[in-house]
Amino acid sequence: MKQTAKEFMSSIGVDHMLYNEEVIASRAHARMLKQNKLISAEECDMMLEGLDKVLADIESGNVEFKIEYSDIHGCVEQLLEDKIGPVARKLNWARSVNDQVILDSRLFLRKQNESIMGSLRELMDTLENIAKDHVNTIMPGYSHLQRAQPVTLAYHMLAYYQMFKRDLKRFENCMECINLMPPDVGALAGTIFETDRKKMMKELGFDSILPNAMDATADRDFSMEFINDCSITMMHLSRFCEDLILWSSVEFGFIEIDDEFTTGSRVLPQKKNLDVAELIRGKTGRVYGDMINLLTIFKGLPMSYNRDMQEDKVAVLDAAHTVEACLTLFVEMIKTMKINRGQMQRAAKYGYMNATELAEYLLEKGIEQEKVGEIISKVVMYAINNGKPIEELWLDDLKQFTQVFDSDVYDKVAIRNVIESKKSHGSTSFEEVEKQLKDIAKNK
């Protein structure tokens, strides 16, 4: 079907989601007009009452967001005029659509930013609780996706905790960029009306007023920063999902994800697919696309407002919705996952990750460094061929490679001792993990 120019230019299909912010901003604007004697008290009351009715109609589903409205600003304006008559037009004194779109966008993003920060805090609390329960759960730590050194599940969870803590800080910083009140923009140069933007600033909960009206019209840096923060958070979620997908496989067997977050296969009934985790991983690319979309829209725009900027909402609304949905489901998913301590312990035990400590033992016994590597390689191959971990080899087995081995080697290579031997700050030792947990509790 051929699309008309009016349909092509309309944004109501996207920005109708800002209806609540449009009403909130319009209420504040009406009160400011009354205070500055630009409208009468009676007219202000009519506007406020009418806006309440418009909001109720929208929330009850009685409003059709028609193309004829063009955008949410025109929609609310027309609905208000239907309620209270021509006096509704006075609501647009001392403001333009440019004022409205900037203010609505900042109010909306502030709400979304707060919601995402709340979800991140819940995720961090969940990771903290898992860590508390698994300080003594030993598992392999991986490098290049190869078993590298024994660690604890608590240590691994706290690594992700720190990632999401940085994400939270980014959104907190982003709030400082979002929560700035646009001045009286008008089209771009201001307005001839005597207004009180400070009153609106306080009523709407903004921190301060932007100093330049043209910049306020042209600026969407706050949206770009928001989507950038969303992209980094999605990247962290994607990495975590990759771990969960691997850990739930038969080859790893470390965890089991609740059926609510998985699907089976009609052709391959033995499978349990982690569809939620895979979709979160996939939707990361979607949010990256939103970020590139927004940056590309703005890269060649002259000052100040251009109609291209209407497209920003598509990217911002999609990124906000996607991140919030992914965080919510991810938290519920890891809250219900079952952890196979025994399998994690076996993987650490048969990963021969204490070979480094065995090498240290030989060096301490005076074996030349050039010979240590050769001896360790032979010991590990012997253990693998006999289906035993290093710490379960008999002393006579070890002595066939060098007579310096003695009974004290078993204390050196015991997996728990290997973990506990790490003394540096932030390490995987049980003591250091407990310190990390105490620091988290202390700084809440």
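How many disulfides does a search of the whole structure find? The model is a predicted one, and the search finds 0. A disulfide is a covalent bond between the sulfur atoms of two cysteines. Cys44 is buried, at a relative accessible area of 2%. Cys75 is buried as well, with a value of 0%.

Cys44 also takes part in a helix contact. Two packed helices are described by the angle between their axes and the distance between the axes. Helix H3 spans residues 19–35 and helix H4 residues 41–59. Their axes lie 9 Å apart, at an angle of about 175°. H3 is therefore roughly antiparallel to H4. On the H3 side, the contact includes Tyr19, Val23, Arg27 and Lys34. On the H4 side, Cys44, Met47, Leu51 and Glu59 are among the residues met. The contact residues comprise 10 nonpolar, 2 polar and 5 charged.

Aromatic pairs were also searched for, and the whole structure holds 10. One of them joins Phe252 and Phe254. This pair is edge-to-face, with 5.4 Å between centres and 85° between planes. Phe252 is buried at 16% relative accessibility. Phe254 is buried too, at 1%. Tyr382 belongs to helix H15 (residues 369–385), whereas Phe401 sits in the loop between helix H16 (395–399) and helix H17 (409–413), so the pair ties together parts 19 residues apart in sequence. Tyr382 is partly exposed, at 23% relative accessibility. Phe401 is partly exposed at 22%. Finally, ring pairs link Phe252 and Phe254 with Tyr142 and Trp247 into a cluster.

Key:
Residues are numbered from 1 along each chain as its sequence is written. This is a predicted model: local features need pLDDT of at least 70, side-chain atom pairs count only at pLDDT 80 or more; totals for chains, interfaces and linings use all residues. Side-chain values use heavy atoms; hydrogens and water are left out. A disulfide is a pair of cysteine sulfur atoms within 2.5 Å. Buried means under 20% relative accessible area, exposed over 50%, partly exposed in between (1.4 Å probe, protein chains only). Axes are lines fitted to C-alpha atoms, for helices over the stretch in contact, and angles run from 0 to 180 degrees between N-to-C directions. Helices (H or I, at least four residues) and strands (E, at least two) are DSSP runs, numbered from the N terminus. Angles under 35 degrees count as roughly parallel, over 145 as roughly antiparallel, 65 to 115 as roughly perpendicular and the rest as oblique. Contact means heavy atoms within 4.5 Å. Ala, Val, Leu, Ile, Met, Phe, Trp, Tyr, Cys and Pro count as nonpolar, Asp, Glu, Lys and Arg as charged, and the others, Gly among them, as polar. Rings of Phe, Tyr and Trp (its six-membered ring) pair if their centres lie within 6.5 Å; planes under 30 degrees apart count as stacked, over 60 as edge-to-face and the rest as tilted.
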